[in-house]
Amino acid sequence: MKLAYYPGCSLHSTAQEYDISLKLCLQSLGIELSEVPDWNCCGATSAHALNEKLGTLLAVRNLSLVKNMSLNKIFAPCAACYNRLVTTQYRLQHEPAPDSEDASLTNSGELQEIKVLSILDLLCDEEVQELIKARFKKSLNGIRVACYYGCFLVRPTVAIGRCSSENPMYLEDILAAAGAEAVSWAYKTECCGAGFVLPEPQVVLNLSREILRDARRSGADVIAVACPLCQMNLDTRQDAIRREWDEDLEMPILYFTQLLGIAMGFSPRALGLKRLMVSPFPVLMQRGIS
């Protein structure tokens, strides 16, 4: 399987451990990634809110570049990037195109033919799941995981089209097959507020605290995520929560692909676990995983 790969800004910078662990897992499955040449920002952080037309055109250009690669699928592991690409396709299909001299908009029908894949779409495909299970070399030994989807992977449902946006179980099913225990908790699809870090930091701190507390109340050892913004927000806010409320939650926030990589036999160092702010090693050692 060969896919056009759209890493977005995060996987080339603050979320390199996601990029590294993802590629290790996919290469072992025989999935080839071809990075989209000359890709641009998806516009998730500000363009769609401040300049709607710009937000649309940024996504249109990225989709147009995929068309030039003679590939019909683009894989966007960042949840925010995925959301921008797939919602732009939906808007082009259901709303009048923005006034633009961009030639891509005159051929928007061709852009609709490109399948946009999220990490859920890719790793939860039945054929891919069988490949993953065949490559498990190490049990996750019952580590209790709170799988966190956030909002970008599951909403808006009209554009994303998943059958379950309130209680998805895709990540839980795969990690359970690797020997983890997925906990039941209430905040798995709540927004962490990462997009408001600069204008509303106190709101973001409150949201992050509630998510982390609910995971802790549910008995989770770690939270598994599939979004660089969610990972950075939940991982880095814990020190501020400790100062604000004198509350030490100490919850490791791992990428889903890092846990998957451990089960596939890759070393924690190779998967970038040392890059995380809250160390997962005490929990992993307690469970006999590392």
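Leaving aside residues up to four places away in sequence, I223 is in touch with A146, Y148, W185, L212, A215, M251, P252, I253 and L254, where contact means heavy atoms within 4.5 Å. The model is a predicted one, so local features need pLDDT of at least 70 and side-chain atom pairs count only at pLDDT 80 or more, while totals for chains, interfaces and linings use all residues. Numbering runs from 1 along each chain as its sequence is written, and side-chain values rest on heavy atoms, with hydrogens and water left out.

I223 also turns up in the largest nonpolar core, which holds 98 residues; I74, I119, L123 and I223 touch the most other members. A nonpolar core here is a set of buried Ala, Val, Leu, Ile, Met, Phe, Trp, Tyr and Cys residues joined through side-chain atoms within 4.5 Å. Buried stands for under 20% relative accessible area and exposed for over 50%, with partly exposed in between (1.4 Å probe, protein chains only). In soluble globular proteins, nonpolar side chains tend to be buried together.

Next comes helix α8. Within α8 (residues 126-134), V128, Q129 and I132 are buried. They sit on the same side of α8 because they cover an arc of only 100° around the axis, the arc being that of the directions from the helix axis to the C-beta atoms. On the face turned away from that buried side, α8 carries the exposed residues E126, E127, E130 and A134. Cover for the buried residues of α8 includes α2 (16-29), α7 (119-123), α10 (170-177) and α14 (256-263). At the start of α8, a side-chain oxygen of D125 comes to within 3.0 Å of the backbone nitrogen of E127.

Setting aside residues up to four places away in sequence, D19 touches Y5 and L11.

As for the whole protein, the secondary structure comes to 15 helices and 8 strands, read as DSSP runs (helices H or I, at least four residues; strands E, at least two) numbered from the N terminus. The radius of gyration is 19 Å, close to the 19 Å that the globule rule gives for 290 residues, so the protein is as compact as a globular protein of that length. That radius is taken over C-alpha atoms, and the rule is 2.2 Å times the number of residues to the power 0.38. Of the 290 residues, 53% count as buried.

Notes: A polar contact is a pair of N or O atoms within 3.5 Å; within protein, one must be able to donate a hydrogen and the other to accept it, and residues adjacent in sequence count only if both atoms are side-chain atoms.
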